[in-house]
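Here is a short briefing on one protein chain. Look at the sequence and the 3D view, then read the points below.

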Amino acid sequence: MTYQEKRSIVSLISAILIFGFYCLYMYPRYPGGGLESMETFRYWGSFVLILTLFSIVAHIMISIIFNIVFRMTTREMEPKFADELDKLIDLKAARNSFFVFIIGFLLAMGSLIIFQPSQVMFIILIISGFISDVTGSVTKFYHYRKGV
């Protein structure tokens, strides 16, 4: 497997683990108040904000650890440049990831139109963000494996 394929797999696994562990951490903290209470909005706002920050920091740390382990095990340096194929694959992955998130965003806004509770909107947004992250990693792995 190439460096890019391994990096895509590590990114996919880390996205799943980060999201899973964070959800397990935050689930017991859900306020049991009314459906539209300020505490509920505060919970979902902090859920999204902290998940974003935690995910960024965790991905950076995992990337650094991956590069160290890759260098130690293979005695190779990670590629310092991106050729046209890498850029094309990154663009395709970003396109697919954004497409999934936009669909999720539209579904979240649609849930408000059909009078669903605001929690449904937040859950759809969070899940669409997670699925878009997974979609980007899977797209990169697929194109590095099968070609463009």
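**Briefing: buried residues, salt bridges and a surface patch**

Ser132 is found in helix H4. Helices here are DSSP runs (H or I, at least four residues), numbered from the N terminus. The model is predicted: local features need pLDDT of at least 70, side-chain atom pairs count only at pLDDT 80 or more, and totals for chains, interfaces and linings use all residues. Residues are numbered from 1 along each chain as its sequence is written, and side-chain values use heavy atoms, with hydrogens and water left out.

- Ser132 counts as buried because its relative accessible area is 8%.
- The cut-offs are these: buried is under 20% relative accessible area, exposed is over 50%, and partly exposed is in between (1.4 Å probe, protein chains only).
- Which residues does Ser132 touch, leaving aside neighbours within four places in sequence? Ser132 is in contact with Ser97, Val100 and Phe101.
- Contact means heavy atoms within 4.5 Å.
- Glu5 lies in helix H1, and Glu5 is buried because its relative accessible area is 4%.
- Glu5 touches Phe141, Tyr144 and Arg145, not counting residues up to four places away in sequence.

**Salt bridges**

- How many salt bridges does the structure hold? The structure holds 3.
- A salt bridge is a side-chain nitrogen of Lys or Arg within 4 Å of a carboxyl oxygen of Asp or Glu.
- Side chains of opposite charge can pair when their charged atoms come close.

*Glu5 and Arg145*

- The side chains of Glu5 and Arg145 form a salt bridge, at 3.7 Å from N to O.
- This pair links distant parts of the chain: Glu5 is in helix H1 (residues 3-26), Arg145 is in helix H4 (residues 118-146), and they are 140 residues apart.
- Glu5 is buried, whereas Arg145 is partly exposed, with a relative accessible area of 45%.

*Lys140 and Asp90*

- Lys140 and Asp90 also join their side chains in a salt bridge, at 3.5 Å from N to O.
- Here, too, the pair links distant parts of the chain: Lys140 sits in helix H4, Asp90 sits in helix H3, and 50 residues separate them.
- Lys140 is partly exposed at 26% relative accessibility, and Asp90 is partly exposed at 31%.

*Glu39 and Arg42*

- A salt bridge joins the side chains of Glu39 and Arg42, at 3.0 Å from N to O.
- Glu39 and Arg42 are 3 residues apart in helix H2, so about one helical turn separates them.
- Glu39 is partly exposed at 43%, whereas Arg42 is exposed at 51% relative accessibility.

**A nonpolar patch**

- Phe99, Phe101, Ile102, Ile103, Phe105, Leu106 and Leu107 form a nonpolar patch on the surface.
- Together they have about 670 Å² of accessible area.
- Accessible areas come from the Shrake-Rupley method with a 1.4 Å probe; for residues, only the protein chains shown count as cover.
- Patches are made of residues with over 30% relative accessible area and no salt bridge; like charges are joined within 9 Å, and nonpolar side chains (Val, Leu, Ile, Met, Phe, Trp, Tyr) within 5 Å.
- Ile102 has its place in helix H3 (residues 84-113).
- Ile102 counts as partly exposed because its relative accessibility is 44%.

**Val48**

- Where is Val48? Val48 is in helix H2 (residues 38-74).
- Val48 counts as partly exposed, at 33% relative accessibility.
- Val48 and Ile13 are 35 residues apart in sequence. In space, Val48 and Ile13 are 20 Å apart, C-alpha to C-alpha.

Terms used
Helices (H or I, at least four residues) and strands (E, at least two) are DSSP runs, numbered from the N terminus.
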